[in-house]
Amino acid sequence: MIPVKFDYVHAESIQQAIKLLQESDGEGKLIAGGHSLLPLMKFRLTEPSVLIDISRVSELKGINKEGDRIVVGALTTHYEAANDPIIKEYIPVLADTVRQIGDIQIRNRGTVGGNIAHADPAADIPAAAVALDAEIEMISEDGVDTMDVHSFIIGPLITALPEDSIVKSVSFQIPPSHTKSVYLKYFHPASGYPVVGVAAVAGVDKDGTIDYVKIGVTGVGDVAFRAEAVEQTLLGQKPTQALIHEASKLAAEGAEMGSDLFASAEYRENLCKVYTERALSSVLL
Ligand SMILES: Cc1cc2nc3c(=O)[nH]c(=O)nc-3n(C[C@H](O)[C@H](O)[C@H](O)COP(=O)(O)OP(=O)(O)OC[C@H]3O[C@@H](n4cnc5c(N)ncnc54)[C@H](O)[C@@H]3O)c2cc1C
């Protein structure tokens with residue numbers, strides 16, 4: 001549980017962090033909150049020669065409304081996101097999600113950018129990210145680029161972040177104001193990570209017909225996904241318990257369920273359906 005020897009340096013700006021990454025020749029790692037990276041280093045699953053601490057880089061902070069999106073600086077901690085008035089007003093499902101991450105110490109140090117960049121298949125934020133059509137803003141010496149969350153997270157602990165780049169912010173689309181939302185998670189009893197986590201955002205029009213529904217699911221497979229078959233079944237219908245029950249049976253459609261010591265693929269698939277039904281019942285009935 002002791003990491004290999006490494007150097008440690010604080011970056012004071014994005015420009016300096018990029019330069020340090022380039023100088024490390026692929027051997028350096030950015031560190032933000034350190035709550036995912038340090039455990040990996042202690043298990044020697046990653047052995048960076050230098051840690052580049054970006055936690056003082058003010059350009060990576062801040063939460064702003066820009067048009068129809070909320071832009072969350074990469075260094076925003078889970079605690080800040082859970083309590084921010086802009087997030088609570090416009091994208092409450094993100095606040096609901098991050099307040100259920102780990103414990104108070106984790107939420108005080110862990111960051112939204114780090115959570116997305118780490119691409120843990122059991123992370124909570126990707127559920128809200130896919131339900132809110134998140135886009136990842138990346139910065140390198142070539143400038144700024146954006147990528148949607150599905151293109152960015154490509155596998156367990158694997159992202160499409162180009163070499164010597166930094167996640168600058170994550171932006172989330174604001175759903176229509178008449179929608180309601182919830183994040184429900186089945187906590188792993190030991191780690192607190194989700195065995196399944198479902199973020200649902202949905203609403204009905206003035207005639208009582210479902211006109212908006214987006215469902216993000218995390219924890220059950222390699223990457224978070226949208227339960228699109230459920231969404232398609234619900235759109236244009238009047239919400240009833242029977243309809244939601246039937247639609248939720250499609251929650252795992254097209255997704256590959258993981259299987260491990262904690263939960264078989266069949267169990268995960270069942271959790272997926274049950275938590276989707278509970279989440280939809282809470283926002284639509
Ligand atoms: C006991 C425990 C319980 C936890 N429980 C949960 C849980 O229930 N749900 C959950 O979702 N998470 C959980 N976590 C993980 C926690 O949320 C992490 O803090 C978070 O996933 C990573 O954020 P970080 O800022 O700590 O990233 P770090 O550990 O600093 O970095 C993680 C990875 O992301 C990279 N990185 C960080 N920031 C950037 C950036 N701006 N640009 C590019 N790359 C970057 C790093 O190089 C590294 O590879 C838990 C962690 C612990 C230790």
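The model is predicted: local features need pLDDT of at least 70, side-chain atom pairs count only at pLDDT 80 or more, and totals for chains, interfaces and linings use all residues. Residues are numbered from 1 along each chain as its sequence is written.

Start with the domains. The protein is divided into domain 1 (7–53), domain 2 (58–173) and domain 3 (180–284). These bounds come from an automatic or database domain assignment. Helices and strands also need a rule: helices (H or I, at least four residues) and strands (E, at least two) are DSSP runs, numbered from the N terminus.

Now look at the sheets. Strands of a sheet pair through backbone hydrogen bonds, either parallel or antiparallel. Here two strands count as paired if DSSP finds at least two bridges between them.

Lys29 stands opposite Leu51 in S3.

Another open sheet has five strands, ordered S4-S5-S10-S6-S7, with antiparallel pairing. Why is one side of S4 and of strand S7 (143–148) left without a neighbour in the sheet? Both strands stand at the edges, each with a single partner strand, so one side of each is left without a neighbour. In this sheet, neighbouring strands are turned by 25 degrees against each other on average, direction ignored.

Go through its pairs. Strand S4 (residues 63–66) and strand S5 (residues 69–73) run antiparallel, joined by four bridges. Asn64 stands opposite Val71 in S5, and Glu66 has Arg69 as its bridge partner. The hairpin of S4 and S5 has two residues between the strands, and Gly67 takes a positive phi near 65 degrees there. Strand S6 (residues 135–140) pairs with S7 in the antiparallel sense over six bridges. Met138 stands opposite Asp145 in S7. S6 and S7 also form a hairpin, with two residues between them. S6 is joined to S10 too, by five bridges, and the two run antiparallel. In that pair, Ile136 stands opposite Val170.

Move on to another hairpin. Strand S11 (residues 180–187) and strand S12 (residues 194–204) run antiparallel, and eight bridges join them. Lys185 has Gly197 in S12 as its bridge partner. Six residues lie between the strands of this hairpin, where Gly192 takes a positive phi near 85 degrees.

Next come two helices. The axes of helix H11 (residues 241–248) and helix H12 (residues 265–284) come within 9 Å and cross at roughly 145 degrees. On the H11 side, the contact is made by Gln241, Ile244, His245 and Ser248. Two residues are in contact if their C-beta atoms, placed from the backbone, lie within 7 Å. The residues of this contact divide into three nonpolar, five polar and two charged. Ala, Val, Leu, Ile, Met, Phe, Trp, Tyr, Cys and Pro count as nonpolar, Asp, Glu, Lys and Arg as charged, and the others, Gly among them, as polar.

How do domain 2 and domain 3 meet? Their C-alpha centres lie 21 Å apart. In the contact, 19 residues of domain 2 touch 24 residues of domain 3. Helix H5 (92–98), helix H8 (125–131) and strand S8 (153–155) each supply at least two residues of the domain 2 side. H8 gives the most, with six residues. By class, that side has 13 nonpolar, four polar and two charged residues.

Finish at the ligand. Which residues are the closest to the ligand? They are Gly33, His35, Gly102, Gly110 and Gly114, among 30 residues that surround the ligand. A residue is near a molecule if its C-beta atom, placed from the backbone, lies within 6 Å of it. Domain 1 and domain 2 each give at least three residues to this shell. Helix H7 supplies the largest share, five residues. The shell divides into 15 nonpolar, 12 polar and three charged residues.

Note on methods
Axes fitted to C-alpha atoms, helices over the stretch in contact; angles between N-to-C directions.
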